[in-house]
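Here are my notes on this one, as numbered points. Have the model open while you read.

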Amino acid sequence: MPKPVPVPDELSKPFWDAVNEQRLVVQHCAACDRRQYPPERVCTECRSGDRLEWIPTSGRARIIGYTVMHDSRVRLLQADQPFNIAVVALEEDPAIRFFSHLPGTPADEVPVGATVEAIFPELSPTQRIHEWQVVR
Ligand SMILES: [Zn+2]
């Protein structure tokens, strides 16, 4: 499925750099020992801004819910409708959630509760993206 190419900014660049190395990272606040994603300039819990670091994840998550998109406003995605938009919760910290089209899983056949693992398809010669695939 074609997808909009992400445009990393100063805040998200470390995340996208890691994705290009096929690693999934999230922010970690050393002040209150808490993971955070998507990235923010400060910890949204303790407001500390200078104790944030990027840490690796297990790359494994669990599907906690989904919807099926039939009328996306993103023209690039319209040819692939209907498609899944699943919410997955990171295995080691279910408060950290990602969205996924679940490549390989037919629309509306999403196995809620199943384990997924991160994959990093190449979107352009210079940018990979993170996606999630059901572990079979
Ligand atoms: Zn904090």
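1. Ground rules. This is a predicted model, where local features need pLDDT of at least 70, side-chain atom pairs count only at pLDDT 80 or more, and totals for chains, interfaces and linings use all residues. Residues are numbered from 1 along each chain as its sequence is written.

2. Overall make-up. The protein has 2 helices and 10 strands, in the sequence order α-β-β-β-β-α-β-β-β-β-β-β. Helices (H or I, at least four residues) and strands (E, at least two) are DSSP runs, numbered from the N terminus. The radius of gyration, taken over C-alpha atoms, is 15 Å, close to the 14 Å of the globule rule for 136 residues, so the protein is as compact as a globular protein of that length. That rule is 2.2 Å times the number of residues to the power 0.38. Along the principal axes, the C-alpha atoms fill a box of roughly 45 × 35 × 25 Å.

3. The hairpin. S5 (residues 83–90) connects to S6 (residues 93–100) by a hairpin of 2 residues. The two strands are antiparallel, with 5 bridges between them; strands count as paired if DSSP finds at least two bridges.

4. One to click on is arginine 62, whose bridge partner in S5 is alanine 89.

5. The whole sheet. These strands belong to an open sheet of 5 strands, ordered S6-S5-S4-S7-S10, with antiparallel pairing. S6 and S10 (131–134) are at the edges with a single partner strand each, so one side of each has no neighbour in the sheet. Neighbouring strands are turned by 45° against each other on average, direction ignored (axes are lines fitted to C-alpha atoms, and angles run from 0 to 180 degrees between N-to-C directions).

6. Domains. The domain assignment, which is automatic or from a database, gives domain 1 (7–56) and domain 2 (58–136). Their C-alpha centres lie 21 Å apart. Domain 1 puts 7 residues into the contact and domain 2 puts in 9, with contact meaning C-beta atoms, placed from the backbone, within 7 Å.

Terms used. Contact = placed C-beta atoms within 7 Å.
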